[in-house]
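Okay, everyone, thanks for coming. Let me put the structure up, and then I'll walk you through a few spots in it.

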Amino acid sequence: MAKDIYMGEVAANEEIQIDYFLMKVTLPLSFSEPLPGQFVMIRIAGLHDPFLSRPISIYSYTRGKSNCAIELLYRVVGKGTQILAGLIKGSQVEISGPLGGSYSIDHQKKNIVFIAGGIGIAPLSLLAEALCRKDCYSAAAMTFYLGAQTADAVVGLNRLRKLCYNITVCTDDGSLGQKSLVTKAFQKDIKKYSPSDTVIYACGPKAMVQSLSKILDGKYFCQVSLEERMACGVGACVGCVVAVKDGQGKLAYKRVCADGPVFDLQQIIWE
Amino acid sequence: MNPSNKKKDAAMAVEIGGLKLKNPVMTASGTFGYGEEYADYVDLNQLGAIVVKGLSLKPRLGNPPPRIMETAGGMLNAVGLQNVGVDVFIKEKLPFLRQYDVAVIANIYGESTLEYSQVAKKLSQAEGVHALEVNVSCPNVKKGGLSFGSDPKAAAEVTRRVKAETHLPVIVKLTPNVTDIAAIAQSVEEAGADAVSLINTLTGMSIDLKTRTPHLKNITGGLSGPAIKPVALRMVWQVAQKVAIPVIGIGGILTAEDALEFMIAGAKAVQIGTANFINPRATIEIIDGIRHYLQNNKIKNINDIVGTLRT
Ligand SMILES: Cc1cc2nc3c(=O)[nH]c(=O)nc-3n(C[C@H](O)[C@H](O)[C@H](O)COP(=O)(O)OP(=O)(O)OC[C@H]3O[C@@H](n4cnc5c(N)ncnc54)[C@H](O)[C@@H]3O)c2cc1C
Ligand SMILES: Cc1cc2nc3c(=O)[nH]c(=O)nc-3n(C[C@H](O)[C@H](O)[C@H](O)COP(=O)(O)O)c2cc1C
Ligand code: FES
């Protein structure tokens, strides 16, 4: 049996902006090193309301001598995340993972473009870190477009600045960076990135991903991490599906938890 | 194996329509995939049986998302029986399960009595299937399923057709979305069912206040989890009094205590569904818990508590 449910201990849980929290959880060393894009299912042992675990992307991973730690960057949107927000240092949480597949990082391309909406920065930040670690060539090739509704919803920027020199920040109301949708800001620059020399990684709300899909028009290689409500997180319930084109171009429903959460943008079928 | 272990294990064994199980704890269809999804978390050899996701003759696409929604003490699902189809199951999923020393029960579904019998026939010829569970009770598909399960005559007809195609024990899985579940149980017993399992999910719904739309694309879905346990328990008790064949109890079981309640109400075995989602090791913990209960209460054999409700 390779996998387990881990008892994690909350080492820190801080409100970094209104409604946005950064939680650090220490775990035993048997928790494997996550790949960028992977997530955990988190719940509070014995709690039956809310009943199901919540999927949260892994934002960082560090390995010490006697244990390891992950960070989760999350936004309070409902009951489950509200309860997570209330946890204090020393609280126990049940964690299973790392789950799902990851972004692929073996492309040698001139341009590596990230497009993140809001909390979508979490998996992309881990990805940027992995690329920086891989080679300095990749580190220099990265450009990050980060969007949010307002300045209050821009999170993770300071850490990102250490990883990536070219960052364009956009907000819907102009309270930070450009007053623009993140996809529009990217579209303005699109001539800089020729399809054959560019790989694009995205994560954000459905509307953002959908408009990105229109802009790219199938011409670019783009991987995107998707979200759906989940129950099991391991592929057993077939509850978390999205519509994609299968090998023959026909409609198929794929599980975000087990077949994703990272998909090729071109595969996705929009309603 | 040392003799004391052997004795311990004999105390947990049950028999369902000729099928011998190590212990009375199985996984419920649709909540444990094809076994492989949880093989990293659970030693499948320890389970009483694995009931796989419902199989149809051809692969099924299933319903469009969103398919699930959490509710108080449970969840709604409208998966719509997305599955790989019986042929792919036999070719690609069954070999994995054959590596284990565990009973495999194939849950089957059809849109017609013909489809039920065709699926049953294919599975009966496959190596490594030990029993069939006939789903006449799925609330999330347009045709078949529930309509067979809510009419005693139709349920009996499906049972007869499946029995005619197979030498395997046939378990008929009943829906709670009927007025008199015991009448359906009696009807399938007369038609030759070797056991009945109950309950499948209760139809329900949930609404998003912001958008005034249903949370599920299918509008309605099947409710499962601890929220349905009292209803399931009552139905198991009612059915157990009316039929002589074994009853398998399902619905909201999270712990060994829950499972034992079902057995006292008359279930010879139980299935664990939604609990797997929040605790992948739920089945194993329940098996251990039942074993401890027997030891602590000096009960020699699990079968001794079946149907011992005092009223
Ligand atoms: C693979 C994956 C990775 C994720 N990573 C992060 C992350 O790093 N940080 C973060 O803040 N959030 C992340 N999410 C979203 C997070 O899971 C949901 O915000 C959370 O489950 C909401 O729980 P709740 O009880 O607070 O809200 P609920 O009361 O359950 O719901 C409140 C609102 O959130 C929506 N919602 C609920 N569950 C999900 C879900 N699984 N996906 C999308 N929307 C949902 C509901 O439709 C509703 O509108 C991720 C989701 C997935 C699938
Ligand atoms: C996501 C999901 C999928 C299911 N799929 C099937 C199925 O394919 N066939 C079937 O007979 N029952 C299916 N069921 C019903 C369960 O096997 C079980 O009867 C029900 O969930 C009640 O048990 P529980 O409360 O322990 O989950 C499904 C249930 C869930 C939650
Ligand atoms: S959450 Fe169960 S299959 Fe994805």
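So, a quick definition before we start: when I say polar contact, I mean a pair of N or O atoms within 3.5 Å. And keep in mind that this is a predicted model.

Let's begin with ligand 1. It has 19 residues around it, and the closest are A:Arg54, A:Pro55, A:Arg75, A:Gly80 and A:Thr81. Now the polar contacts. A polar backbone atom of A:Arg75 sits 2.8 Å from an oxygen atom of the ligand. A:Gly78 also uses its backbone, with an N or O atom 3.1 Å from a ligand oxygen. With A:Thr81 it's the side chain: an N or O atom there is 2.4 Å from an oxygen of ligand 1.

Next, another threonine, A:Thr171. You'll find it in strand β10 of chain A, residues 166-171.

Searching the whole structure turns up three cavities of 30 Å³ or more. In chain B, β6 (74-77) and α9 (275-278) each supply at least two lining residues. And what classes line that cavity? We get 17 nonpolar, 18 polar and two charged residues.

Key: Residues are numbered from 1 along each chain as its sequence is written. Chains are lettered from A and ligands numbered from 1 in the order in which they are written. This is a predicted model: local features need pLDDT of at least 70, side-chain atom pairs count only at pLDDT 80 or more; totals for chains, interfaces and linings use all residues. Side-chain values use heavy atoms; hydrogens and water are left out. On a 1 Å grid over the protein atoms alone, a cavity is a set of points where a 1.4 Å probe fits but cannot get out, and a pocket is an open set with protein on both sides within 12 Å along at least five of seven lines; lining residues have an atom within 4 Å of a point. Grid points are joined across faces, edges and corners, and a volume is the space filled by probe spheres set on the points. Helices (H or I, at least four residues) and strands (E, at least two) are DSSP runs, numbered from the N terminus. Ala, Val, Leu, Ile, Met, Phe, Trp, Tyr, Cys and Pro count as nonpolar, Asp, Glu, Lys and Arg as charged, and the others, Gly among them, as polar. A residue is near a molecule or strand if one of its heavy atoms lies within 4 Å of it. A polar contact is a pair of N or O atoms within 3.5 Å; within protein, one must be able to donate a hydrogen and the other to accept it, and residues adjacent in sequence count only if both atoms are side-chain atoms.
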